[in-house]
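Hi there,

Here is the structure I promised to pass on. Have a look at it first, and then read on for my notes on its salt bridges and its surface.

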Amino acid sequence: PPGLLTSQKKDLIKTPILTAIGRAGGLLIPLLIALFLGATRETDALLLAFTILLSLNGMINPIFESALLPYLYEKKQREIDSGFVNGVLIASFPLILSIAALIYFLMPVILPVLCGLRPDIAQMTADLFLKMMPLFILGAFISASNCIFFAQKEFWFPAVSPSIRSLPVILFLVLGAKSYGVYAVAYGFAAGEICRWGIGLWLLIKKAHWRPKAPWKGKTDKIKDFVKQAGFHLAALISLNLIPVTDQFFASWTGKGQLSILSYGERLFQIPYQLFLFGFINVYFSYWSESHAKEPKAVFWEKARKDLGSVRKMALFFTFFMIAASFPLVNLVFYSSELTKSQLNDLCLVFCLYMLGFVPAVLNLMYVRIFFVLKKTVFFFVQSAIRFAFNIVLNYICMKLWGLKGIAAATSIVFLLTNRYNLYYMRKLEGPAKT
């Protein structure tokens with residue numbers, strides 16, 4: 001309908017701008033870490049703990065933020081089924097706590113073996129992980145809240161809310177780096193995520209009309225179906241989110257501070273990647289879910305094909321621009337840091353190698369959202385497991401050949417191979433492959 005199309009266009013204009021504002025602080029944090037703390041064993045511990053937390057969030061949170069969304073449209077209306085959402089959260093919470101506790105207790109034992117870290121640095125990584133635990137524990141609730149906001153086409157708060165978390169981190173880092181070192185960052189993340197959760201809960205009650213309803217009444221079958229789908233989803237996300245962790249495991253073997261260099265390069269890559277994911281793709285996903293629930297199949301596929309073509313063109317532009325601007329960008333951003341000239345050159349090359357895989361990476365995000373809409377979680381699991389296996393093999397081979405830069409190159413190659421496999425499956429679905 002014309003009104004719906006107009007609404008989507010408006011959301012696609014506003015949401016990327018708000019996303020850029022919301023994500024700016026988070027993208028600034030690694031730069032401030034480099035400025036105040038440099039690239040040392042301690043920053044390696046901090047960034048490894050943070051990467052593990054991000055990976056855990058990436059395993060759990062998309063289940064609530066993405067896989068949950070099609071279920072909210074099954075009633076063909078925008079009213080929020082609070083009992084269903086609450087039931088899913090309650091059923092998932094013991095698993096979330098168990099995973100967090102298991103990872104914490106295993107880290108001091110496993111990290112010296114996998115990463116070659118000294119026992120004291122491995123223990124520091126575990127301590128930092130524990131202090132930043134609110135990012136994981138509260139992440140599921142925040143993601144479920146975002147899903148409700150998406151269903152109501154309220155994209156603004158999920159877009160800007162990361163800035164609520166980032167501001168305390170920046171404040172703690174600037175004021176406490178000399179006194180507390182890397183622990184200042186951990187305290188800032190914990191405080192920031194608690195603030196983000198509290199404000200989100202207030203808005204959820206006030207704006208989205210969420211209520212703490214009894215979860216199980218009349219929702220058992222629906223929750224069971226979701227849990228079944230979520231099982232494949234979780235298995236797939238475990239594979240995908242172990243990829244950056246394994247990248248850093250391999251980087252830790254290439255020398256002192258190299259893990260930090262790879263992490264800084266990956267965070268620069270996240271600037272356009274996060275902009276596309278949270279600024280564009282989540283908007284498309286919300287409208288796709290609604291279209292699939294309310295409109296004929298042909299209309300849904302026509303919409304998906306058109307949107308895929310638009311995103312491909314935008315991603316190509318960002319790829320060329322970011323690679324062309326890579327040298328001045330890296331030197332401008334990290335000029336005042338404690339990185340050496342050699343480290344800056346390595347960082348620039350790592351960033352460019354990541355950007356070579358940007359277009360297939362972004363299109364993979366689009367394909368995956370289509371899988372979520374169609375509840376094709378089994379295929380999502382299969383392609384994620386294959387991608388994880390390829391990443392390990394290529395990391396090992398490319399690291400042996402080119403060191404740290406080979407790890408970044410392997411990531412881009414895996415993006416491309418996964419994209420080809422996803423495109424093959426799209427042809428079988430007779431849809432987006434025509435783009």
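**Salt bridges and a surface patch**

Asp346 is partly exposed, with a relative accessible area of 22%. Please keep in mind that this is a predicted model. The partner of Asp346 is Lys405: the two form a salt bridge in which the closest N and O atoms are 3.7 Å apart. Because Asp346 sits in helix H15 (residues 341-355) and Lys405 in helix H18, this pair ties together parts that are 59 residues apart in sequence. Lys405 is also partly exposed, at 27% relative accessibility.

In total, the structure holds six salt bridges. Salt bridges with shared partners join Lys153, Glu290 and Lys294 into one network.

Another pair lies within helix H10 (residues 182-206): Arg196 and Glu193 are three residues apart there, about one turn of the helix. Their side chains meet in a salt bridge at 3.6 Å, N to O. Arg196 is buried, with a relative accessible area of 8%, and Glu193 is buried too, at 2%.

Then there is Arg118, whose side chain meets that of Asp120 in a salt bridge (3.1 Å, N to O). Arg118 counts as partly exposed at 45% relative accessibility, and Asp120 is partly exposed at 44%.

Now to the surface. A nonpolar patch there has about 740 Å² of accessible area together, and its residues include Phe232, Val378, Phe390, Leu417 and Tyr424. Helix H17 (377-402) and helix H18 (404-428) are the elements that give two or more residues to this patch. Tyr424 is located in helix H18 and is partly exposed, with a relative accessible area of 46%.

Best wishes

Note on methods
Residues numbered from 1 in each chain as written. Predicted model: local features only at pLDDT ≥ 70, side-chain atom pairs only at ≥ 80, totals over all residues. Heavy atoms only, no water. Patch = residues over 30% accessible without salt bridge, like charges linked within 9 Å, V, L, I, M, F, W, Y side chains within 5 Å. Areas by Shrake-Rupley, 256 points an atom, 1.4 Å probe, with all protein chains shown as cover. Salt bridge = Lys/Arg side-chain N within 4 Å of Asp/Glu carboxyl O. Helix = DSSP H or I, 4+ residues; strand = E, 2+ residues; numbered from the N terminus. Buried < 20%, exposed > 50% of the residue type's maximum accessible area, 1.4 Å probe, protein only.
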